[in-house]
Amino acid sequence: RTYYARNYVPDDLLNLDTLGASCQRGVVGSCTELGRRLAALRVEVPELTPPVCVERDLFERSCDRGDMNACAELAHVLRRPACGSPDPERAHALYDRACRAHVTFACDWRDELG
């Protein structure tokens, strides 16, 4: 077990500080991975829950930098009411954009949305 911020964090969720620093420096994909890990952390260790919309901001940053995986993740967040009102139209557009860039899971999620 590893402890982070005085609480248990599964080993695969380590290096959040390193990812955060890379994201701040503009390393494409690091914001996406940080967002994914924070979302996983929310599920794995709910008492360490970060602010509810932090993943959205991270995915938005990476999507704006051209990371199509981040665009698909952002679309997924936009479908849920946790970060404000759901935006299915924007979600569909982001899924479609990522799908056209050959992000296959985005195609599946887009088709689910209809």
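The buried residues of helix α3 are covered by parts of the chain that include α1 (16-25), α2 (30-44), α4 (68-78) and α5 (88-100). Helices here are DSSP runs of H or I with at least four residues, strands are runs of E with at least two, and both are numbered from the N terminus. Buried means under 20% relative accessible area, exposed means over 50%, and partly exposed lies in between (1.4 Å probe, protein chains only). The structure is a predicted model, in which local features need pLDDT of at least 70 and side-chain atom pairs count only at pLDDT 80 or more, while totals for chains, interfaces and linings use all residues. Residues are numbered from 1 along each chain as its sequence is written, and side-chain values use heavy atoms, with hydrogens and water left out.

The chain contains six helices and two strands. Along the sequence these elements follow the order β-β-α-α-α-α-α-α. Of the 114 residues in the chain, 39% are buried. Among the contacts in the chain with a separation of 6 or more, 46% join residues 24 or more positions apart.

Helix α3 spans residues 54-64, and its buried residues are E55, L58, F59, S62 and C63. Viewed down the axis of α3, these buried residues fall within an arc of 135°, so they line one face of the helix. The arc is taken from the directions that run from the helix axis to the C-beta atoms. After α3 comes G66, which has a positive phi near 100°.

T32 belongs to helix α2. This threonine counts as buried because its relative accessibility is 1%.

Three disulfides are present in the structure. A disulfide is defined as a pair of cysteine sulfur atoms within 2.5 Å. One of them joins C23 and C31, with 1.7 Å between the sulfur atoms. The link of C23 and C31 is right-handed, with 90° about the S-S bond. C23 is buried because its relative accessible area is 1%, and C31 is buried because its relative accessibility is 0%.

Another disulfide joins C63 with C71, and here the sulfur atoms lie 2.0 Å apart. The angle about the S-S bond is 95°, and the link of C63 and C71 is right-handed. Both cysteines of this pair, C63 and C71, are buried.

With 100° about the S-S bond, the C99 and C107 link is right-handed. C99 has a relative accessibility of 13% and therefore counts as buried. C107, at 17% relative accessibility, therefore counts as buried.

Technical notes
Contact = heavy atoms within 4.5 Å.
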